[in-house]
Amino acid sequence: MTLMDPSGRSVEGTVTEGGTGLFELRAPEPGEYRVRAERIGYGTTYSAFFSISVGDTLTVQVAAPIEAISLEGISATAGPRCHLHPEEGLAVAQVWNEARKALAAAKWTQERGLYRYEMLGIKRFLDERGRKVEFEDRAYGQALVGVPYVARAADSLVHGGFARFSAEASEFWAPDAGVLLSDSFLDTHCLRIRSGGSELVGLEFEPVPNRDVADISGTMWLDAATAELQRVDFRYVNLPVPHWLMDASPGGAVRFRGLPDGTWIVTSWHIRMFTAGETEHPLTGRPAPTLEGVATTYGEVLRVHDDVGVVFEGPRGRRVMGTVVDSLGVGLPNARVYVKGSGTETETDAEGRFELDHLGVGTYALHFTHPYLEELWYEPESVEMEVEPDVNSLVEVRFEAPSMSDVLSEVCGRDGPPGVPLIAANGKAIRRTGVLTGTVTDMAGIPIEDATLHFLARAYDPRLFAQIRDPSTFNFESQRSRWTEKSSSSGFYRVCWLPVGVPIELLVLAKDEDVDRDALDASRSLADLFPDRVTILIIDPKLPHRTLDLRLEVRNPVY
């Protein structure tokens, strides 16, 4: 419902209450006005003019026609004419009038701040072909926001461009309802009908000829039967960039939806952008620019709230579901299934089942892990899956987790420990089947890279027996076995083939610690050289894998 002055200018707008048809409009000043009633898919009705004075309250009844308007049968016609304003073409005017109603309702809804939105923001990075998802970052809105997204002011975009580039960054903007309704946009874009099959009718827009500002072309798609606006697809044109960057097909889409009370909202939007890189020219060997990949930014409305409760809940979109099973085929709970990046992950339930939603079109590499695998720093192979364009598509995946013995064989080598798989201690043969993993951090929990872990056990190589002519002259108690390992950039370490069932001394030294290396290598006890810094551990033969996180007080002692 719109309050209009005698010149035809709209001065106030609202929507009727659902079920009653009641509305309230406030005149900005005394004078003559009339009311325009518009309903998507139906004809427009005007009341008679009436006068209103200060303090007056008038009751106006508007009888809207019940004859529905259909866009079915409207087809595209070729021609050079550019309709700068919809009024210049009858078919264009009819389609634009229905699109305008939805855009005006969306603009009105946004300006009034009637709702609060739960949002999901997604950034996807794809390969140069725009098909394989390299990684994906998600951010779920922790607080309700007033609008799904806001474009820049219409005049700023029309005159300054929908995309802007500098040495520091590239910026792209999508149009909102206010931009598409603005006179500045209509004054600089041609409109024409575009066929979308039997179910959709499109109103195509493109910049007027010889316009050299970074701009957009696209189509407003309406349902042919109901005349409701479905979405606006757009692509960027006139960009001051090399042509090979345009192979990324930069553009985007905005989806609209009407609610039962007559308001309209944006339910999702996305922008697709290029990312430039550098490669070596095959002939000259010099650096040459190239299309490195495609970046997309998505906004999905999960739920819409009013003062009473939830008035809209968005669909879950494209999904993948499946199961993670162990080596016996039983569902594995607490496994983490994820896409590289952050946020696109879930955990399996008690039966090993999982589901991910709101996926994009393209090829995904889906990964899984589990605490017993993470402790060994073991990453199973990913599974590639193809997500189709259908917004309700579903992909099913099954992961098989390896057994612990297979994992240990994989991370430590299937051929067993180097040399003899046994050592001798206390007159017994001790198997070298232990695996120790963990992290090395400082006292604040920050990972320490290139820390050296020294292991020492009172044991020896059994092959010494074959080299000794008179065992009575040999002091077996003085023999020691030693191992060393370094921590990674994340502070992680993994040591394979440690003896099980015997005490092992463990000392951690920072990368730049100043120590007597000769004394360290010759010592029969690390605890004698480094009091209060040595850990004694025993690996249980029945549980050959053990995890031990270590904290190191960074200092620089001299021995």
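The side chains of R100 and E38 meet in a polar contact of 2.2 Å, where a polar contact is a pair of N or O atoms within 3.5 Å; within protein, one must be able to donate a hydrogen and the other to accept it, and residues adjacent in sequence count only if both atoms are side-chain atoms. Before going further, please note that this is a predicted model, in which local features need pLDDT of at least 70 and side-chain atom pairs count only at pLDDT 80 or more, while totals for chains, interfaces and linings use all residues. Residues are numbered from 1 along each chain as its sequence is written, and side-chain values use heavy atoms, with hydrogens and water left out.

R100 has its place in helix α1; helices here are DSSP runs (H or I, at least four residues), as are strands (E, at least two), and both are numbered from the N terminus. With a relative accessible area of 16%, R100 is buried; buried means under 20% relative accessible area, exposed over 50%, and partly exposed in between (1.4 Å probe, protein chains only). Leaving aside neighbours within four places in sequence, R100 is in contact with R36, E38 and L181, contact meaning heavy atoms within 4.5 Å.

The helix itself covers residues 90-112, and at 1.5 Å a residue its 23 residues should span 33 Å, which agrees with the 33 Å between its end C-alpha atoms. The expected span is 1.5 Å times one less than the number of residues. After α1 comes G113, whose phi is positive, near 60°.

**The nonpolar cores**

Helix α1 also matters for the next topic. The largest nonpolar core has 95 residues, and L103, M220, Y236, F256 and L366 touch the most other members. From α1 comes the largest share of this core, eight residues. A second, separate core of 26 residues includes L498, V500, L548 and L550. Such a core is a set of buried Ala, Val, Leu, Ile, Met, Phe, Trp, Tyr and Cys residues joined through side-chain atoms within 4.5 Å. In soluble globular proteins, nonpolar side chains tend to be buried together. Beyond four places in sequence, the contacts of Y236 include F162, F172, W173, M246 and I271.

**Two buried polar residues in strands**

E118 lies in strand β6 (residues 116-126) and counts as buried at 18% relative accessibility. Its side chain joins that of H305 in a polar contact of 2.6 Å.

T219 sits in strand β12 (residues 215-223) and is buried, at 2% relative accessibility. Its side chain makes a polar contact of 3.1 Å with the side chain of R194. Among the residues that T219 touches beyond four places in sequence are R194, E204, F205, R231 and D233. The C-alpha atoms of T219 and F492 are separated by 53 Å, and the two residues are 273 apart along the chain.

**Strand pairing**

Two strands pair if DSSP finds at least two bridges between them.

| Strands | Bridges | Facing residues |
|---|---|---|
| β1 (residues 2-4) and β3 (residues 31-37) | three bridges | L3 and V35 |
| β3 and β5 (residues 50-52) | three bridges | Y33 and F50 |
| β3 and β4 (residues 45-46) | two bridges | A37 and T45 |
| β29 (residues 452-457) and β32 (residues 504-509) | six bridges | F455 and L506 |
| β18 (residues 318-325) and β22 | five bridges | M321 and E355 |

Strands β29 and β32 belong to an open sheet of four strands in the order β30-β29-β32-β33, with antiparallel pairing. Because β30 (481-486) and β33 (534-537) each have a single partner strand, they stand at the edges and one side of each is left without a neighbour in the sheet. Neighbouring strands of this sheet are turned by 25° against each other on average, direction ignored; axes are lines fitted to C-alpha atoms, for helices over the stretch in contact, and angles run from 0 to 180 degrees between N-to-C directions.

Strands β18 and β22 are found in an open sheet of three strands, ordered β22-β18-β25, with mixed pairing. At its edges stand β22 (353-359) and β25 (394-400), each with a single partner strand, so one side of each is left without a neighbour in the sheet.
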